[in-house]
Amino acid sequence: MMQRYWINSQYFDKSNGPVFLFVGGEDEANPYYVADGFMAQMANETKALAVMLEHRFYGKSQPFKLVNLFCFLILFCYINSTKSNISI
């Protein structure tokens, strides 16, 4: 799966406008931010290009199809390897 992104160039002044890059947090990205949300408002006020990237390990931009299983297996192996070092 490719990393998802959205671009709003509706207000962009190509000769002098800034570029705002918003990297999504720990959740699925919402294109509303660049289309109608706060990024669109800022782009309108400053004649900017608004770009939003979905976080690489959240939403539909996960590089592994089974990322949850993958993380679980890593955690399981780590816990099992540390159990032998724990004395009760």
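Predicted model: local features only at pLDDT ≥ 70, side-chain atom pairs only at ≥ 80, totals over all residues.
The protein exposes about 6,700 Å², and carbon and sulfur atoms supply 60% of that area; accessible areas here come from the Shrake-Rupley method with a 1.4 Å probe, and for residues only the protein chains shown count as cover. Residues are numbered from 1 along each chain as its sequence is written, and side-chain values use heavy atoms, with hydrogens and water left out.

Buried residues, meaning those under 20% relative accessible area, with exposed set at over 50% and partly exposed in between (1.4 Å probe, protein chains only), make up 19% of the 88 residues in the protein. The secondary structure comes to three helices and three strands, arranged along the sequence as β-β-α-α-β-α, where helices (H or I, at least four residues) and strands (E, at least two) are DSSP runs numbered from the N terminus. If we take contact to mean heavy atoms within 4.5 Å, then among contacts between residues at least 6 apart in sequence, 73% join residues at least 24 apart.

Let me turn to strand β1. In a regular strand the side chains alternate between the two faces of the sheet. In β1, residues 5-8, the covered face carries W6 and N8, whereas Y5 and I7 belong to the uncovered one. This strand runs antiparallel to β3, residues 49-53, and four bridges join the two; strands are taken to pair if DSSP finds at least two bridges between them.

Which residue in β3 stands opposite N8? That residue is A50. N8 counts as buried because its relative accessibility is 8%. Beyond its neighbours within four places in sequence, N8 is in contact with V34, A35, A40, A48, L49 and A50. A polar atom of the N8 side chain also lies 2.9 Å from the backbone nitrogen of Q10.

L49, one of the contacts of N8, has its place in strand β3 and, at 16% relative accessibility, counts as buried. Not counting residues up to four places away in sequence, L49 touches I7, N8, S9, F12, P18, V19 and F20. The C-alpha atoms of L49 and K14 are separated by 8.5 Å, although these residues are 35 apart along the chain.

Now to the surface. Y32, Y33, F38 and M42 form a nonpolar patch there, with about 370 Å² of accessible area together. The elements giving two or more residues to this patch are α1 (32-35) and α2 (38-46). Patches are made of residues with over 30% relative accessible area and no salt bridge, joining like charges within 9 Å and nonpolar side chains (Val, Leu, Ile, Met, Phe, Trp, Tyr) within 5 Å; a salt bridge is a side-chain nitrogen of Lys or Arg within 4 Å of a carboxyl oxygen of Asp or Glu.

Leaving out residues up to four places away in sequence, Y33 touches F22, F38, M39, A40 and M52. For Y33 and M52, which are 19 residues apart along the chain, the C-alpha atoms are separated by 8.0 Å.

Terms used:
Polar contact = N/O pair within 3.5 Å; in protein donor to acceptor, adjacent residues only side chain to side chain.
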